[in-house]
Amino acid sequence: MSMNQILISETLYVTPEIKRKKIIYKINFFIAVILMIILFCYYAYAEYSRYKDSNESKQILESLSFNINNQTDGNISFSDDTVRVVLNEEYEENEQNVAGSSKTPEEIAKIKSLIEAGTKVSPSGDKYYSIGLISIPKIGLNYPILNKTTEELLKISPTRFWGKDPNEVGNLCIAGHNYRNNLFFSKVPQLQKGDIIEIKDLLGNIVQYSIYDKYIVRPEDTSSTSQYTDGKKEVTLITCTNDSVDRIIVKAREVEN
């Protein structure tokens, strides 16, 4: 076969249909690369947002821990520059929670002072503050408990979903995100009966709670938030299952000395 015949054969072999398929392949490959870049950027932004929110939680934790341990005369000082406001209606909520408890007027005044100094404003303008600290030594968890539950505040720290103030008779229900990493309540599903949860309130009192039950419910099932505790102090942790379909409930009761 001559050289001219070989060249003609190769030219004829690359048909318009093959060229069209090559072009489509290149376009699909380009689109796939763009989508991968977009997904990576989205993932990176989501991780950055979680990291930023967890840092905000650490700042609240450090500020609150400092003031609980060092307040002596009601004068509060913080080292950060976070915007704070005084929210009088929040005092009413707090007074309702402490009504009927063993707190003295001086203790209630101290709590109000801590709330006033620690009240913050979220980016959307939502006002919030910490009502105490939650620690679970087994999984290395240590976070402030924010006073109410909203989707925005859940990204900052675990929140009070329902119930009274920390270490009061009743059922303090605490909600937290399960990001399936080391943040917030991601390791709560690992807890077992007998594990210890520690709650530190705004007066600096630390109460240990022992886990006595753990189960899964549908999102609409709120029976775990019942306040009928037979006069006991209880804590309920609420987080999502790893597939985000159902809710994991962890129940704990005060360890009696």
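Phenylalanine 30 counts as exposed because its relative accessibility is 53%; exposed means over 50% relative accessible area, buried under 20%, and partly exposed in between, with a 1.4 Å probe and protein chains only. Phenylalanine 30 lies in helix H2, residues 16-70. Helices (H or I, at least four residues) and strands (E, at least two) are DSSP runs, numbered from the N terminus. The model is predicted: local features need pLDDT of at least 70, side-chain atom pairs count only at pLDDT 80 or more, and totals for chains, interfaces and linings use all residues. Residues are numbered from 1 along each chain as its sequence is written, and side-chain values use heavy atoms, without hydrogens and water.

The protein has five helices and ten strands. Of its 257 residues, 40% count as buried. Among contacts (heavy atoms within 4.5 Å) between residues at least 6 apart in sequence, 62% join residues at least 24 apart.

Two aromatic pairs are counted. One is formed by tyrosine 179 and phenylalanine 184, which are tilted, at 5.7 Å centre to centre and 45° between the planes. Rings of Phe, Tyr and Trp (its six-membered ring) pair if their centres lie within 6.5 Å; planes under 30 degrees apart count as stacked, over 60 as edge-to-face and the rest as tilted. Tyrosine 179 counts as buried because its relative accessibility is 15%. Phenylalanine 184 counts as buried at 3%. Tyr143, Tyr179 and Phe184 form one aromatic cluster.

The charged end of arginine 253 sits over the ring of tyrosine 212, 4.0 Å from its centre. The criterion is NZ of Lys or CZ of Arg within 6 Å of the ring centre and within 35 degrees of the ring normal.
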